[in-house]
Amino acid sequence: MTVIGVDVPRVDGPAKVSGLAQYTADIELPGMLHAKVLRSTYPHARLVRVDASKAARLPGVVVLTRDDVQGTNPYYGQVVRDQPIVAIDKVRFVGDVVAAVAAEARDLAEEALDLVEVEYEPLPAVLDPIEAMQPGAPLIHTLRPEMLASIRARSIERGVPILHLEPNTNVCCSYRVEQGEVEAGFAEADEIFEDTYTVPTVQHGAMEPHACTASWEASGKLVVYSSTQDPSEIRWQLAELFNLPETRVRIIVPYLGGGYGGKLYPKLEPLVSALARKARRPVQWVLTREEVFLTIVRHAVVVRLKTGVKRDGSLVARQVEAVYDTGAYADVGPETMKKGAFSSCGPYRLPHQRIDGRCVYTNKPSAGAFRGFGVPQVAWAYESQMDDIARRLGLDPLDLRLKNLVRENDTFATGERLTNVAIAECLQQAAEAIGLRSADLRLQSADWSQSALCNLKSQINSTQDSA
């Protein structure tokens, strides 16, 4: 009991509150250049011409375009190698990186960007994941052999389902899990409810923007300072990109100013490393807040729920279609989608269920990990439907949940046997703690939620006073 219940000062506390803590953007290396990037103004277009000759003639300026990544492994990605260091054949969203420059001053780098000439051939864009799945939708990615190879290897390594990059579709990955006979379950139901819920894109909003500094030692070793949550993943992907053994790549993570999943997996590191290699000098790239929104977001999701219920409130069947908008590049979308999909029936006993998850490309910024890893979106959907079902059947929403929660030794949709299940007790205690009794939760009462919030606020204030 030397730690539990004892006020233990944070090891990093003094450095952070005094301003002495060093973050990635604070790194300064001798001879370091600053990077800026030229971004696409089209959501979808072929790159006809990229001419950086005028920018390259500026003293002290180094320019990176698609011509500089030929002959390497220019594509990276957590599951699918689909994202190029800079755009090669076409751009896939407004903000896609077409070229990068490095200069001794940020102002000079921005001036050089204005001299890069780009000719586009606009293509039809698709911004809605449901529309992107339809036959004839604009195709965002063309299947490449190396993409298939990376998919199979990653599927085996990470336990991700084999991804279905079907020809002429924008479905990056699909996943299905079934239990029982869902059609038979619907036949047993007294009532069937069909609802669609949508969850929009959000951004992580970490106080520290993404930042990266890269340098190549004379021995050929790559050293990267990065505001990443995932140095090991960055290391092996950079090693693959630049044909290096992992022992020749070193990742250093200074203090991290927030991440929440938005700083997992490669983001800036491939481009900064490539630019530093060409410049033969260290290069640093710190995103503006606007650029952070173009780099990674949380998946927008469309969830369709069809649920069969007995009149006493017993759930008997549920069919789910969860469509995850992964944007222009997959990032970790396939894994995020899978975790969300198999959780989409919720913590409820459903003898018959069928779940279909799809991770879909659109011409928007890439979506990736965020706290909950794909589950909060579907949890909001199925819990919203539970409230809707209770209202339509005239049932108490708390009692409806308690009646249908999983119990000890139940089998989950994926086949695992559940043990140490205490969710009903947790829900009951939570309801009691904030003053919610069954009578308080009758949806016929218009002010039940306001009463609950007042009780919750009172509980929080009481706890704070005690602390």
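## Contacts around Gly-308

Contact here means heavy atoms within 4.5 Å, and the structure to which the term is applied is a predicted model. Leaving aside neighbours within four places in sequence, Gly-308 is in contact with Phe-186, Ala-189, Glu-191 and Ile-192, and also with Ser-314, Leu-315, Val-316 and Ala-317. Gly-308 belongs to strand β16, and because its relative accessibility is 0%, Gly-308 counts as buried. The C-alpha atom of Gly-308 is separated by 6.2 Å from that of Arg-318, a residue 10 places away along the chain.

## Overall composition

The secondary structure of the protein comes to 14 helices and 19 strands. Of the 467 residues in the protein, 52% are buried, and among contacts between residues at least 6 apart in sequence, 79% join residues at least 24 apart.

## Nonpolar cores

The largest nonpolar core has 43 residues, and those with the most contacts inside it are Cys-172, Val-303, Leu-305, Met-337 and Ile-355. At least two residues of this core are supplied by each of the helices α4 (129-132), α10 (333-342) and α11 (375-393), and likewise by each of the strands β9 (171-179), β10 (191-199), β16 (300-309), β17 (315-327) and β18 (352-361). The largest share, 6 residues, comes from α11. Apart from this core lies another, of 36 residues, which includes Val-224, Phe-242, Ala-279 and Leu-287.

## Helix α11 and its packing against α12

Helix α11 packs with helix α12 (residues 397-404) at an angle of about 115 degrees, with the two axes 9 Å apart, and the crossing of α11 and α12 is right-handed. On the α11 side the contact is made by Glu-383, Met-386, Asp-387, Ile-389 and Ala-390, while α12 contributes Pro-397, Leu-400 and Arg-401. By class, this contact has 5 nonpolar and 3 charged residues, with no polar ones.

Gln-377 also lies in helix α11, and because its relative accessibility is 1%, under the 20% limit, Gln-377 counts as buried. Not counting residues up to four places away in sequence, Gln-377 touches Val-199, Arg-298, His-299, Val-301 and Tyr-324.

## Helix α8

Helix α8 (residues 269-279) is mostly covered, with 9 of its 11 residues buried. The buried residues of α8 are Glu-269, Pro-270, Leu-271, Val-272, Ser-273, Ala-274, Leu-275, Ala-276 and Ala-279; Ala-279 is also among the residues of the 36-residue core. The helix is followed by Arg-280, whose phi is positive, near 60 degrees.

## Cysteines

The structure holds 0 disulfides.

Technical notes
Residues numbered from 1 in each chain as written. Predicted model: local features only at pLDDT ≥ 70, side-chain atom pairs only at ≥ 80, totals over all residues. Heavy atoms only, no water. Core = buried A, V, L, I, M, F, W, Y, C linked by side-chain atoms within 4.5 Å. Buried < 20%, exposed > 50% of the residue type's maximum accessible area, 1.4 Å probe, protein only. Helix = DSSP H or I, 4+ residues; strand = E, 2+ residues; numbered from the N terminus. Disulfide = S-S within 2.5 Å. Axes fitted to C-alpha atoms, helices over the stretch in contact; angles between N-to-C directions. Left-handed = near helix turned anticlockwise from the far one by under 90°. Nonpolar A, V, L, I, M, F, W, Y, C, P; charged D, E, K, R; others polar.
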